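Here is a short report on one protein chain. It covers contacts, fold, surface and charge pairing.

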Amino acid sequence: SLTVFTETYPEFQVVFTGHSLGGATAKLGAFFAAKELSLSPLILAFAPPMIGDEGFRRLFNEQFFDQLPESASASSRAWSFVHDRDPILYFNQPLWESKEFCATGREV
């Protein structure tokens, strides 16, 4: 299990990564690991869809930023790499907005 791994190799950094749906899964898995297992994982998500509303974004960002994310000096352990012309993200934007979903982590 992840807990056994981190106890056996405490010097290793746990990284959750994925693309598209896998990026969303990485974010959810890392959020669970942070909240339930008290780990401090890094997230590298590539073109992830939005996965929650403003309340979820607040909880998520509390786990993965060292201060308010709006601060220019805020350090993040959750990175989303997106492209503004990605057709999947572009065409699903109206759906996510209608559900009031928000971006989580630091978008690059």
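## Contacts and burial

Of the contacts (heavy atoms within 4.5 Å) between residues at least 6 apart in sequence, 73% join residues at least 24 apart. This is a predicted model: local features need pLDDT of at least 70, side-chain atom pairs count only at pLDDT 80 or more, and totals for chains, interfaces and linings use all residues. Residues are numbered from 1 along each chain as its sequence is written, and side-chain values use heavy atoms, leaving out hydrogens and water.

Of the 108 residues, 36% are buried. Buried means under 20% relative accessible area, exposed over 50%, partly exposed in between (1.4 Å probe, protein chains only).

## Fold

The chain has four helices and four strands. Their order from the N terminus is α-β-α-β-α-β-α-β. Both are DSSP runs, numbered from the N terminus: helices are H or I, at least four residues, and strands are E, at least two.

The C-alpha trace spans about 45 × 25 × 20 Å along its principal axes.

## Salt bridges

A salt bridge puts a side-chain nitrogen of Lys or Arg within 4 Å of a carboxyl oxygen of Asp or Glu. The count is two. Arg-57 pairs with Glu-54, closest N and O atoms 3.2 Å apart. Glu-54 also bridges to Arg-58, at 3.7 Å, N to O. These salt bridges share partners and join Glu-54, Arg-57 and Arg-58 into one network.

Glu-54 and Arg-57 lie three residues apart in helix H3 (residues 54-64). Arg-58 is in helix H3 too, four residues from Glu-54. Arg-57 has 27% relative accessibility, so it counts as partly exposed. Glu-54, at 35%, is partly exposed, and so is Arg-58, at 48%.
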